[in-house]
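The stops below go from the whole chain to single residues.

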Amino acid sequence: MSQQSPDRRNVISLLSAAGLAALSQPEHALAQEAERPLTPACEGRATATPRQTEGPYFTPSSPQRADLRSDGDGTLLVLSGFVLTRQCRPIPGALLDFWHADPSGQYDNRGFRFRGHLFADQQGRYQFITRTPGLYTGRTRHLHVKVRGGAQSPVLTTQLYFPDDPGNRRDGLFDQKLLMTLRPAEGGQLGRFDFVLAA
Ligand SMILES: [Fe+2]
């Protein structure tokens, strides 16, 4: 029986939560199921997710992948949620393109470290794993994302924020409607955010 390091076990735990290790680790399918987000309740029309500036560091044509990590240290973050219409109907196959700074606060503007796109599943769910971005001058901690419901649909460009980050109060772009919910998990953090597209 092979011995796994605590770090390896933690990574597998979080990968399972992200649904990324289910094929090679069938014993983790139950954990994956447990971590799947529930469909949000919606009465009437939900408020569309606010738009925010793209910023200077977007790179088009990112690779398709649900694992944005690269070698190195940094707190693991598994983010999941739904892409929904304003009537709270899931949008199967919605495109999500994420990019963010590395744990030291640097963007990779020549390659695709901490950049990638993925598609929501048939229930409108998405899940990916990355490392929590570091801070850079003038900004609080954040993720950038573009979301599109379909090939002919408009693109929502926005940013997501971390609860309780001290920089939130000092960042003029910060919007509490764009706060993820976060909870600690073995080896990292589990985040949740549901995108609501206006059209
Ligand atoms: Fe940024």
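Helices (H or I, at least four residues) and strands (E, at least two) are taken as DSSP runs, numbered from the N terminus. On that basis the chain has two helices and nine strands. Note at the outset that this is a predicted model.

**Whole chain**

Colour by secondary structure and follow the chain along its sequence: the pattern reads α-α-β-β-β-β-β-β-β-β-β. The chain has 199 residues, of which 46% are buried. Of the contacts between residues at least 6 apart in sequence, 72% join residues at least 24 apart.

**The iron site**

Select the iron ion next. Which atoms coordinate the iron ion? The donors are Tyr107 (OH), Tyr136 (OH), His142 (NE2) and His144 (NE2), at 1.9 to 2.1 Å. Along the sequence, these donor residues follow the spacing Y-x28-Y-x5-H-x1-H.

Now display the angles at the iron ion. The four donor atoms subtend 92 to 154°. Four donors count as tetrahedral if all angles lie between 85 and 135 degrees; the arrangement here is irregular because of the angles its donors subtend, which reach 154°. For reference, the ideal angle for four tetrahedral donors is 109.5 degrees.

Histidine 144 is buried, with a relative accessibility of 2%. Tyrosine 136 has 21% and is therefore classed as partly exposed.

**The S7–S8 hairpin**

Select strands S7 and S8: they form a hairpin with two residues between them. S8 covers residues 188-192, runs antiparallel to S7, and is joined to S7 by five bridges. To trace one of the pairings, pick threonine 181, whose bridge partner in S8 is arginine 192. In the turn, pick glycine 187, which has a positive phi of about 90°.

**The loop between S6 and S7**

Step back to the loop between strand S6 (155-161) and strand S7 (181-185), where aspartate 175 lies. Is aspartate 175 buried or exposed? Its relative accessibility is 17%, so aspartate 175 counts as buried. Show its surroundings: beyond neighbours within four places in sequence, aspartate 175 contacts Pro50, Gln52 and Tyr161.

Aspartate 164 also lies in the loop between S6 and S7. Its relative accessible area is 74%, so aspartate 164 is exposed. Check the backbone as well: aspartate 164 is not a glycine, yet its phi is positive, near 65°.

**Serine 61**

Move to the loop between helix H2 (29-35) and strand S1 (76-85), and select serine 61 there. Serine 61 has a positive phi of about 60°, although it is not a glycine. At 68% relative accessibility, serine 61 is exposed. Draw a C-alpha to C-alpha distance from serine 61 to histidine 117: the two are 8.6 Å apart in space and 56 residues apart in sequence.

**Aromatic rings**

Finish with the aromatic side chains. How many aromatic pairs does a search of the whole structure find? The search finds nine. Select Phe98, Tyr126, Phe128, Phe193 and Phe195 together, which form one aromatic cluster.

The last stop is a charge over a ring: lysine 146 lies over the face of phenylalanine 58, at 4.8 Å from the ring centre.

Terms used. Residues numbered from 1 in each chain as written. Predicted model: local features only at pLDDT ≥ 70, side-chain atom pairs only at ≥ 80, totals over all residues. Heavy atoms only, no water. Buried < 20%, exposed > 50% of the residue type's maximum accessible area, 1.4 Å probe, protein only. Contact = heavy atoms within 4.5 Å. Pairing = 2+ DSSP bridges. Phe/Tyr/Trp six-rings, centres within 6.5 Å; stacked < 30°, edge-to-face > 60°. Lys NZ or Arg CZ within 6 Å of the ring centre and 35° of its normal. Donors = N, O, S within 2.8 Å, 3.2 Å for Na, K, Ca; no water. Tetrahedral: all angles 85-135°; square planar, octahedral: opposite > 155°, others 65-115°.
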